[in-house]
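Colleague: I would like to learn how to read a model feature by feature, starting from the whole chain and then moving to single residues. Could you take me through one?

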Amino acid sequence: MTFPITDPTLIFLIVLCIILLAPIVMGKLRIPHIVGLVLSGVLVGPYGLHILEHSDSFRLFGNVGLYYILFLAGLEMDLEGVRRDVRKIWAFGILTFTIPWVLTFVLAQWVLNFALIPSLLLSCVMSSNTLIAYPLIQRFGMSDHISVRFSVGSSMLALFFSLVVLAGVVNTMSGNGGVIFWLLFLVKLMAFFFGMIFFLPRLTRWFLRRYSDAAMQYTFVLAMLFISAFFSDIIGLEGILGAFLAGLIMGRYIPSVSALMHRIEFTGNTLFIPFFLIGVGMLINCRLIFSGDGVLWVTLLITLVGTFGKAIAAYLSCLWFKLPLSSGHMMFGLTSAHAAGAIAIVMVGMQITGADGQPQVSSTMLNAVVLMVLLTCIISTMLTQRSVRKLVLNRERNEGQDNDNSDDGAMLIPMKYQDESERLLSLALHMRQAHRHRDIVAVNVVYDDVNRAQHQEDGRRLLTHMQKMAQTANVHLQTQVRVAENIANGIKHAFKEHNASEIVMGMHTKKGLSHKFWGQFAQSLYNGLPRQIMFARIRQPLNTLRKIQVAVPSRAEYERGFYLWVERLLCLADNLDCKIVFRGREESLSLIRTYANNRYPSARIETEIMQHWNELPYLAASIHPDHLFVVVTSRKDAVSYKKAQEQLPEELERHFKGTNIIILFPNQYGTDKEQMSFTEPQHQEEESAYALLRKWWKRITE
């Protein structure tokens with residue numbers, strides 16, 4: 001066998017072995033696996049044992065991996081949090097660019113005695129950064145943390161500023177850096193942002209609503225990623241900025257709990273991102289440390305000064321924003337690494353020649369930057385792993401102390417038809433808090449008649465398909481096919497056997513027959529089982545919904561299951577990243593707002609007053625085909641029950657035909673804490689009557 005290896009099969013085999021073994025070995029040594037992948041690239045690369053060549057395949061997969069890192073960072077960004085903290089992100093971005101830029105420029109000019117152009121290029125290298133440690137954030141599920149949001153946003157701003165300065169330097173040296181260049185650059189930049197913001201959301205929503213095939217959706221997402229990166233390159237910026245912007249825009253339509261998101265993360269973290277990290281290691285020539293050209297001295301100086309500048313920016317921002325010190329550690333760790341972006345800036349600088357025809361970037365500076373990449377990658381991953389572990393421990397400690405009002409029982413989904421079952425499962429997944437690991441149970445109940453065997457086989461096939469769908473979202477789905485002489489009784493028995501807390505089921509309606517509105521057995525179910533039941537009629541993929549509108553009856557806050565359904569709907573809106581509007585009496589809305597601010601501060605919640613339940617039909621004009629209308633109703637003799645709710649089937653059939661609807665019957669039992677916080681139902685009625693009397697008296701006196 002000759003080295004370097006050229007056989008594609010062996011090359012791919014060696015890379016897979018590295019991807020498999022590096023995390024295992026690094027885990028034994030208590031070193032982040034990202035460092036292991038980079039060091040493995042150094043070992044097998046052309047400057048190590050030269051087992052593999054840094055060929056075009058590594059460049060291709062390396063670019064894909066780099067785009068993937070930034071795309072995932074954009075996907076997992078909390079867009080509402082970005083809007084809320086945009087000023088702080090800009091402030092941190094300016095600091096993390098300016099401070100390292102100034103310190104590095106001073107170092108290059110007055111300590112290393114570099115010329116002006118190399119000093120500017122080196123300043124751009126050290127002021128930008130690459131989110132090399134972001135996969136660690138994903139692994140620990142901390143992508144929604146405020147310090148991560150600040151770090152990702154500021155990294156994109158710092159890179160953008162660096163590339164703008166680089167473009168100015170390159171075009172000035174080529175004689176094209178006048179006013180016309182900057183005006184043309186500004187026009188191209190505005191056209192790029194306008195095209196991304198205007199066309200990409202509409203195209204994504206149209207495609208995902210029209211095509212549900214998993215492979216087609218994944219291919220579409222990748223196509224949009226590379227189209228965005230391509231146009232970003234065309235206007236004179238790096239493709240990684242386009243990849244990040246694509247992720248930021250498309251994140252609204254790819255919820256974190258969806259199967260599509262799981263496929264994107266799995267493919268990137270398994271193949272493309274490790275390829276990129278190995279490729280970065282293959283560019284590093286550790287032998288240059290002993291070359292005697294002062295490379296080691298320059299490497300240590302720029303690493304020290306550049307990293308010190310990033311640290312000042314991170315901790316200064318931490319103090320300014322009044323964040324805990326652990327957040328400052330995280331911000332410093334994520335923004336201190338330099339990788340492909342730094343090498344790309346230096347490579348562009350190599351093409352700039354002076355009056356003597358010699359490159360403005362010397363081999364010493366090039367080699368020092370390459371070695372600096374290795375050192376900063378190690379520093380960044382070590383700091384980030386240490387910081388993220390502390391944040392995870394703090395989060396778990398706080399969650400352990402936090403009293404949750406939601407029921408931890410399983411969520412039961414009766415299933416019969418495949419299309420409806422897929423949307424019901426998607427609804428359950430989006431209402432489920434991923435970190436709580438609540439069970440989801442799918443049950444298919446068949447009649448005990450002459451066709452029982454065939455129906456059982458059909459049910460098993462359906463539930464097997466649903467299990468595969470749940471597995472793509474990394475969720476275990478329990479299934480059961482059961483025989484019963486009464487469907488409602490079969491569901492009730494399954495509910496008790498699995499210790500479920502609520503039911504999510506489809507709503508089968510028959511045109512013109514209002515008494516059949518709930519379906520064949522639904523009335524028997526919600527009257528005979530006083531737990532939370534949701535009847536859903538979903539006509540389009542959930543991730544294409546733009547708004548959730550909720551009708552809340554008066555005195556809903558006195559129901560024992562009040563916070564349970566509020567929790568589910570807020571979780572749904574938060575996972576879908578769509579606006580949710582609650583309409584009801586101020587007494588109910590104030591409690592909902594307080595709960596949302598405490599539990600889901602990132603949720604886009606609005607409240608509107610609806611004084612009377614007979615206003616329900618007038619809401620039809622404000623509900624569009626891509627909205628979800630949730631009607632919170634109640635059973636007879638419940639605290640929030642009213643006579644007008646008996647007309648609900650006729651009103652929905654007349655005014656909301658074709659609308660995505662959920663009819664929600666609240667829990668009549670509630671959790672232990674809720675039972676402790678409420679007295680007997682008779683006292684609730686007295687208290688609610690007293691509240692009504694006070695309101696009536698207030699209106700008269702006014």
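The dialogue below goes from the overall fold to a strand, helices, a surface patch and salt bridges.

Colleague: What should I keep in mind before reading any value, and how many helices and strands are there in the chain?

Modeller: This is a predicted model, in which local features need pLDDT of at least 70 and side-chain atom pairs count only at pLDDT 80 or more, while totals for chains, interfaces and linings use all residues. Residues are numbered from 1 along each chain as its sequence is written, and side-chain values use heavy atoms, with hydrogens and water left out. Helices (H or I, at least four residues) and strands (E, at least two) are DSSP runs numbered from the N terminus, and the chain has 25 helices and 10 strands.

Colleague: What share of the 702 residues is buried?

Modeller: Buried means under 20% relative accessible area, exposed means over 50%, and partly exposed lies in between (1.4 Å probe, protein chains only). By that reading, 56% of the 702 residues are buried. The accessible surface, computed by the Shrake-Rupley method with a 1.4 Å probe and, for residues, with only the protein chains shown counting as cover, comes to about 31,400 Å², and 59% of that belongs to carbon and sulfur atoms. For contacts (heavy atoms within 4.5 Å), 81% of those between residues at least 6 apart in sequence join residues at least 24 apart.

Colleague: How do I read a strand such as β5, and which residues lie on its two sides?

Modeller: In a regular strand the side chains alternate between the two faces of the sheet. In β5 both faces are covered, with Gln 532, Met 534 and Ala 536 buried on one side and Ile 533, Phe 535 and Arg 537 buried on the other, so that six of its six residues are buried under the cut-off. Two strands pair if DSSP finds at least two bridges between them; β5 pairs with β4 (residues 500-506) in the parallel sense over five bridges, and five bridges also join β5 to β10 (residues 660-665), running antiparallel. Ala 536 shows both pairings, being the bridge partner of Gly 506 and standing opposite Ile 662 in β10.

Colleague: What does a helix such as α2 look like when its length is compared with the span expected?

Modeller: The expected span of a helix is 1.5 Å times one less than its number of residues. Helix α2 (residues 33-44) has 12 residues and reaches 16 Å from its first C-alpha to its last, close to the 16 Å expected. Of those 12 residues, 10 are buried, among them His 33, Leu 37 and Val 44. In helix α9 (residues 179-210), by contrast, one can look at Leu 203, which is partly exposed at 36% relative accessible area and touches Phe 220 and Met 224, not counting residues up to four places away in sequence.

Colleague: Which residues make the nonpolar surface patch?

Modeller: Patches are made of residues with over 30% relative accessible area and no salt bridge, like charges being joined within 9 Å and nonpolar side chains (Val, Leu, Ile, Met, Phe, Trp, Tyr) within 5 Å. Here Leu 20, Leu 21, Ile 24, Val 25 and Leu 29 make a patch of about 470 Å². Leu 29 lies in the loop between α1 (8-28) and α2, and is exposed at 52% relative accessibility.

Colleague: Which parts of the chain does the pair Arg 546 and Asp 626 link?

Modeller: Arg 546 forms a salt bridge with Asp 626, the closest N and O atoms being 2.5 Å apart. This pair links distant parts of the chain, with Arg 546 in the loop between β5 and β6 and Asp 626 in the loop between β8 and β9, 80 residues apart. Arg 546 is partly exposed at 38%, whereas Asp 626 is buried at 10%.

Methods:
Salt bridge = Lys/Arg side-chain N within 4 Å of Asp/Glu carboxyl O.
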